[in-house]
Each structure stands twice: as C-alpha cells, then as structure tokens.
Amino acid sequence: MIKEREHFIDSHRDMFWYTPDAAKHDISDDLLVETTLNYGTLEDYRELRDIMTPQKLARVFFSASGRKAGNYYPEIRSFFSLVLKPYAS
C-alpha cells in the first residue's frame, strides 16, 4: 500500500505543488484526502479509494473537524458526505 500511495502522489504532483519534493511522500492522510477531493477528478477519487480502502477514506474524511473540515469546499463536503456515508462506521 505504501508504494501505491507514493505512486499516487508522484503521478498527481501538480495537486501538491506547494509541498517540497522531499516531503511529498510524508504528507498526512488528512492532507492527501482533502487535496484529492477538493482538486482532483472523480477518477482521482476512485484511485485513492482503491489505495486507501473506502472505510479508511471515510474515516479520514469524517474525522475532519473545525478548521480542517472547513478546508473542504462546501459542495465537495456535501457530495462526499453522501458518497462516503455507507462506509462510515
């Protein structure tokens, strides 16, 4: 899974342009999910879901609170709340 995660980040470098190259593989799951959902395509979401598992992705998404939850665009938060709800435990 780590290699798949690293490959995902490397193949989507443009989404993480503000992260120094040496630190890209060390980004948190919170940042990975937030950035992918806010700026990626639906296909990017599907790829990330397959790497992380839907349950883990839902756990990361729904655990965002306060300012972190506010980092999601409102329409993204609304859409993925519906999409990921079945995987939340």
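Leaving aside its neighbours within four places in sequence, which residues is Thr36 in contact with? They are Phe8, Met15, Phe16, Asp44, Tyr45 and Leu48, where contact means heavy atoms within 4.5 Å. This is a predicted model, in which local features need pLDDT of at least 70 and side-chain atom pairs count only at pLDDT 80 or more, while totals for chains, interfaces and linings use all residues. Residues are numbered from 1 along each chain as its sequence is written, and side-chain values use heavy atoms, with hydrogens and water left out.

**Overall fold**

- The chain has six helices and zero strands, the elements being DSSP runs numbered from the N terminus (helices: H or I, at least four residues; strands: E, at least two).
- For 89 residues a compact globule would have a radius of gyration near 12 Å, and the chain agrees with that at 12 Å; the radius is taken over C-alpha atoms, and the globule rule is 2.2 Å times the number of residues to the power 0.38.
- Along the principal axes, the C-alpha atoms of the chain fill a box of roughly 35 × 25 × 20 Å.
- Of the contacts in the chain with a separation of 6 or more, 51% are accounted for by residues 24 or more positions apart.

**Thr36 and the buried residues of H2**

- Thr36 lies in helix H2 and, at 1% relative accessibility, counts as buried, a term that means under 20% relative accessible area with a 1.4 Å probe and protein chains only.
- The buried residues of H2 are Leu32, Val33, Glu34, Thr35, Thr36, Leu37 and Asn38, and they pack against helix H1 (2–11), H3, helix H4 (54–63), helix H5 (67–70) and helix H6 (74–84).
- The C-alpha atoms of Thr36 and Leu48, which are 12 residues apart along the chain, are separated by 8.0 Å.

**The pairing of H2 with H3**

- The axes of helix H2 (residues 29–39) and helix H3 (residues 42–52) come within 9 Å and cross at roughly 155°, the axes being lines fitted to C-alpha atoms over the stretch in contact, with angles from 0 to 180 degrees between N-to-C directions.
- H2 and H3 are therefore roughly antiparallel to each other, the term for angles over 145 degrees.
- From H2, the residues Asp29, Leu32, Val33, Thr36 and Leu37 meet Asp44, Tyr45, Leu48 and Met52 of H3.
- By class, this contact of H2 with H3 has six nonpolar, one polar and two charged residues, where Ala, Val, Leu, Ile, Met, Phe, Trp, Tyr, Cys and Pro count as nonpolar, Asp, Glu, Lys and Arg as charged, and the others, Gly among them, as polar.

Notes
Angles under 35 degrees count as roughly parallel, over 145 as roughly antiparallel, 65 to 115 as roughly perpendicular and the rest as oblique. Buried means under 20% relative accessible area, exposed over 50%, partly exposed in between (1.4 Å probe, protein chains only).
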